[in-house]
Amino acid sequence: MSDQPKIAVIGAGAWGTAIAHLLSNKPLPVTFWARESEVIESITKERENKLFFPGFKLPANLKATGDLSEAAKGAKIVVFVVPSQFLRSVAKQAAPHFEKNTVVVCASKGIEKGTLALMSEVLLEELPEELHGALCALSGPSFAKEVAQEMPTNVTLACENRRVAKYVQEIFHRPFFRVYTSYDIVGVELGGSLKNVIAIAAGALEGMGLGYNTQAALMTRGLAEISRLGARLGANPLTFAGLSGMGDLVLTCTGALSRNRTVGIRIGKGEKVADILKDMRQVAEGVETSKSAFQLAQREKVEMPIVEQIYRVVHEGKDLKQALHDILSRELKSELE
């Protein structure tokens, strides 16, 4: 593989821009696909994504385009960072333009509506079969702003092919950005998806004025729920003790930069979900994921009371205090059940 592979980053939100910034600063030739014409224009003319990630200058070797075929053509690595509910349609459009040896890295987090598919499963359905063995998933505690500020960050890259995992690990590595490899794509993806739902709950508790005891209990029991579903779906339980599990959960539940936690805080203070979402420029993945996660838990017959109550609050308008009461009044049981 070439020492200077062309890389395509598909998706121009904050995290996509941070990844493009990280890779193009290596420096590597990066083509950055954005749906929004104003993003393409601001990057091309001013070297900045003023719409979604203002304040960070992007290197000259990063090229912005609105043409998926231009972005994908000749790329040795394609990184998908689009919102989860748009991943299928974007991947379907981009896939015909991939090279036969393209490595695909999924940095999108979520569970698809309706199909209840993980993002890697969506890509496996839409990508040519010859690319399936090189599919990777990137996740872990990594706020986009802090990555762009070069604050020390650790993430996990999962891939079943060890050679590909090592190759992508080296491409993404920086002195401040440490990448660990894993072979548990399901576990890494579930941790990255479900932590957003638990973060809404954490924010809601904060918005209600509850304290550290409550937050600690929520994160611990939230991780237990994630681990139960992961075990049912074939993930390695140890994954959830790592960066893409506990690490990402703690960050998203406690960090002020977390969009999902922010949504929860506003719910906890009495705002309506529809009004909160109208004010947000970027997607809070936990909102849609709460519904998909609840349905997935039902399908797999896995008990996930926190996920269920957040689903009912966000999508059915259930009173938050009643939801908390219903969780606390559940039958007493062993912690390891």
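**Overall fold, nonpolar cores and local geometry**

At 45% relative accessibility, E150 counts as partly exposed; the class lies between buried, under 20% relative accessible area, and exposed, over 50% (1.4 Å probe, protein chains only). E150 has a positive phi of about 60 degrees although it is not a glycine. E150 sits in the loop between α6 (144-148) and β7 (153-159). Helices (H or I, at least four residues) and strands (E, at least two) are DSSP runs, numbered from the N terminus.

The model is predicted; local features need pLDDT of at least 70, side-chain atom pairs count only at pLDDT 80 or more, and totals for chains, interfaces and linings use all residues. Residues are numbered from 1 along each chain as its sequence is written, and side-chain values use heavy atoms, with hydrogens and water left out.

The protein chain contains 15 helices and eight strands. Its C-alpha trace spans about 60 × 40 × 35 Å along the principal axes. The radius of gyration, taken over C-alpha atoms, is compared with a globule rule of 2.2 Å times the number of residues to the power 0.38. For 337 residues a compact globule would have a value near 20 Å; the protein chain has 19 Å, which agrees. Of the 337 residues, 56% are buried. Contact means heavy atoms within 4.5 Å. Among contacts with a separation of 6 or more, 70% join residues 24 or more positions apart.

The protein chain exposes about 15000 Å², and carbon and sulfur atoms supply 52% of this area. Accessible areas come from the Shrake-Rupley method with a 1.4 Å probe; for residues, only the protein chains shown count as cover. The chain carries 40 positive and 38 negative side chains. Lys and Arg count as positive and Asp and Glu as negative, while His and the chain ends are not counted. The centres of the two sets lie 3 Å apart, with each charge placed at NZ of Lys, CZ of Arg, CG of Asp or CD of Glu.

In soluble globular proteins, nonpolar side chains tend to be buried together. A nonpolar core is here a set of buried Ala, Val, Leu, Ile, Met, Phe, Trp, Tyr and Cys residues joined through side-chain atoms within 4.5 Å. The largest such core has 47 residues, of which V9, I19, V79 and F172 touch the most other members. Helix α1 (residues 14-24) gives the largest share, seven residues. Beyond its neighbours within four places in sequence, V79 contacts I7, A8, V9, I10, I19, L23, V105, A107 and F172. Another core, of 42 residues, lies apart from this one and includes A199, A201, L205 and L296.

A64 belongs to strand β3. A64 is buried, with a relative accessible area of 12%. Its contacts, sequence neighbours within four places aside, are F32, I40, I43 and T44. A64 and I40 are 24 residues apart along the chain, yet their C-alpha atoms are separated by 5.4 Å.

M208 occupies the loop between α8 (185-207) and α9 (212-232). M208 is partly exposed, at 26% relative accessible area. Outside four places in sequence, M208 contacts G268, L320, K321 and L324.

Two further loops carry backbone features. A cis peptide bond joins K26 and P27, with omega about 0 degrees; P27 lies between α1 and β2 (30-33). R47, a residue other than glycine, has a positive phi near 55 degrees. R47 falls in the loop between α2 (37-46) and β3 (62-65).
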